[in-house]
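Subject: Structure handover

Dear colleague,

Here is the structure we spoke about, with notes on what turned up in it. Please keep it open while you read.

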Amino acid sequence: MPAHTFQISVKNTLTLKKATKNKPLPIVVVFVSDEGQILGNLGDAQYISRATALIQQSHFKGTLGKSVTDYALDDQASPAISIVGVGKLDKLADNIAKVAVATYDVIKNSQSAAILWGDTICQIHFTQFVTALIGASYRFEHHKTKPKDADTLREIVIISNKDTQTDYDKALVFAQATAAGITTARDVANEAPNVLNPSELAKKAKQLAKDYADTVSVTVLNEKDMKKLGMGCFLAVSQGSDAEGKLAVIEYYGKSKKSDKKAKLDKPFALVGKGLTFDSGGISLKPAAGMEEMKFDMGGAASILGTVRAVAEAGLEIDLVAVLACAENMPSSRSARPGDVVTAMNGTTVEILNTDAEGRLVLCDALCYVQEHYDARIIIDTATLTGACVIALGSVRSGMYSNDEDALFALQAASEYTGDLVWHMPLDDAYDEQINSKIADVQNIGGREAGSVTAACFLQRFIKEGQAWVHLDIAGPAWKSGSTNTASGRPVALLTQYLRSQA
Ligand code: BES
Ligand code: MN
Ligand code: ZN
């Protein structure tokens, strides 16, 4: 559950009712560019003239994210006016999420707010703006015995005069569905690793089937099931932990009917998520500093879970299968050792040289499972796979690997549309050579060079000829380290927009 919810609507005109004791007037937000230009020159002229006066009196420069508020303290009948800087107009598309965060900060403690959107900002910005606004209200306080006071905001009206009301209503439904998916992903990823073990993560998938009973069904495989299927790589990771590993398989029927007796997905999109509820490194133990952040190592699975929620909530007319590879990587006398050789579901033998390269081991069996059981039009996996990707791209862009030109193109477009950015990375054979093993078919690490690329090459070894596939290394973007230390919900927005564009 999000810590706080508010209604959002879009209207063409702004009519503010007179204030009463119980219903104070709202706050009116006006956007200002770095050239002092007011965006959304709409609504009652008095707000524009007050905004203009405020810009002059406060020497407001329209700097991105800065704001000034006039609370009209001597005039109880007038609303507060806030000017929010949006910076350079030609960078507005890149900065819209920052504008939304600044806006939320300004309005969060009013009961209602009117945002003068005007005709400068189009629908593209609108979707990103709304998801970022809802994202800004997010808090994770499940474990606080004394949570901070909730924000008082209940209602936002966005005043626009571009595109039709239907356009905006549709965009709003999609943006809110996306935000719900992002919230789910963040809630699950932020949870403590003793609370959210692999079985609990699989239960979150079960919950989806309850929430969307008409379209979603879930099957959970346990370690015994996986042993029967020959998932030796997955089990090599999971066996070191007392917490049992689970493979959650979610089916979403948006095109085919789930109610049909022999319901079967028709050429589904397939999503696969790395769900390490904790990654200690196993026998190749990680250093102590910052190890607590490895509770976020299920960020891939969380993002897939969130994407399925967004897709179901928006009612996209596609068939979709999603697999969460849920395990815990721990050192014990039952753990896999460096040097062990194990066999994946498709018969490939793998020499484990570093037990901390566990993500690729759980994923390769999940990828085999999907290809064995579904005729997927494309498989997209998301994983907090390598520290090397954090070094290469930081937390700004996810590393994107693919064997399919069309998918690359469509994901690039979705990336720019949502601001949930990706960067295309290579898969040359010359990198793949680094993971040839001396004694088995493949080894699970490729040496110091190009660590994110060789991890992707490892996964590609399990993709059948002709199967379209994308791997997103989200190790950087999945969460914010440091003082906030909170999950981002990425790349839910990217995947949901991609799926919408393909529907
Ligand atoms: N979950 C980690 C990757 C990771 C590290 C994500 C830091 C985010 C921040 C992954 O399982 C891992 O440990 N990868 C190793 C691979 C290495 C042993 C080849 C790494 O990146 O160090
Ligand atoms: Mn690891
Ligand atoms: Zn890991």
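Lys267 counts as partly exposed because its relative accessibility is 36%. This is a predicted model, so please read the values below as computed from it. Lys267 sits in the loop that runs between β9 (246-253) and β10 (269-279). Its phi is positive, about 40°, although Lys267 is not a glycine.

His59 is a second residue to look at. Its phi is about 50°, again positive in a residue that is not a glycine. The loop between α1 (45-57) and β4 (67-70) holds His59. With 60% relative accessibility, His59 counts as exposed.

The peptide bond between Arg490 and Pro491 is cis, with omega at about 0°. Pro491 belongs to the loop between β20 (486-487) and α14 (492-502). As background, most residues other than glycine have a negative phi, and most peptide bonds are trans.

**The zinc ion**

Which residues coordinate the zinc ion (ligand 3)? They are Lys274 through NZ, Asp279 and Asp297 through OD, and Glu358 through OE, at 2.0 to 2.4 Å. Along the chain, the donors of the zinc ion (ligand 3) have the spacing K-x4-D-x17-D-x60-E. The site has six donor atoms, with angles of 78 to 173° among them, and is octahedral. For reference, ideal angles for six octahedral donors are 90 or 180 degrees. Both Lys274 and Asp279 are buried.

**The manganese ion**

The manganese ion (ligand 2) is coordinated at 2.1 to 2.2 Å by Asp279 (OD), Asp356 (O), Asp356 (OD) and Glu358 (OE). The spacing of the donors of the manganese ion (ligand 2) along the chain is D-x76-D-x1-E.

Why is the arrangement around the manganese ion (ligand 2) irregular? Its six donor atoms subtend angles of 71 to 167°, and this makes the arrangement irregular. To count as octahedral, six donors need opposite donors over 155 degrees apart and all others between 65 and 115.

The two metal sites are linked. Asp279 bridges the manganese ion (ligand 2) and the zinc ion (ligand 3), and the two ions lie 3.2 Å apart. Glu358 counts as buried because its relative accessibility is 1%. Asp356, at 21% relative accessibility, counts as partly exposed; the limit for buried is under 20%.

**Ligand 1**

There are 16 residues around ligand 1, and Lys286, Asp297, Asp356, Glu358 and Gly387 come nearest. The shell around ligand 1 is made up of seven charged, five nonpolar and four polar residues.

These are the polar contacts to check:

- Gly387: a backbone N or O atom lies 2.7 Å from an oxygen atom of ligand 1.
- Lys286: a polar side-chain atom is 2.8 Å from an oxygen atom of ligand 1.
- Leu385: a polar backbone atom lies 3.5 Å from a nitrogen atom of ligand 1.

Taken alone, ligand 1 exposes 510 Å², and the protein buries 76% of that.

Regards

How values were computed
Residues are numbered from 1 along each chain as its sequence is written. Chains are lettered from A and ligands numbered from 1 in the order in which they are written. This is a predicted model: local features need pLDDT of at least 70, side-chain atom pairs count only at pLDDT 80 or more; totals for chains, interfaces and linings use all residues. Side-chain values use heavy atoms; hydrogens and water are left out. Donors are N, O and S atoms within 2.8 Å of the metal (3.2 Å for Na, K and Ca); water is not among the atoms, so sites may look incomplete. Four donors count as tetrahedral if all angles lie between 85 and 135 degrees; four count as square planar and six as octahedral if opposite donors are over 155 degrees apart and all others between 65 and 115; anything else is irregular. Buried means under 20% relative accessible area, exposed over 50%, partly exposed in between (1.4 Å probe, protein chains only). A residue is near a molecule or strand if one of its heavy atoms lies within 4 Å of it. A polar contact is a pair of N or O atoms within 3.5 Å; within protein, one must be able to donate a hydrogen and the other to accept it, and residues adjacent in sequence count only if both atoms are side-chain atoms. Accessible areas come from the Shrake-Rupley method with a 1.4 Å probe; for residues, only the protein chains shown count as cover. Ala, Val, Leu, Ile, Met, Phe, Trp, Tyr, Cys and Pro count as nonpolar, Asp, Glu, Lys and Arg as charged, and the others, Gly among them, as polar. Helices (H or I, at least four residues) and strands (E, at least two) are DSSP runs, numbered from the N terminus.
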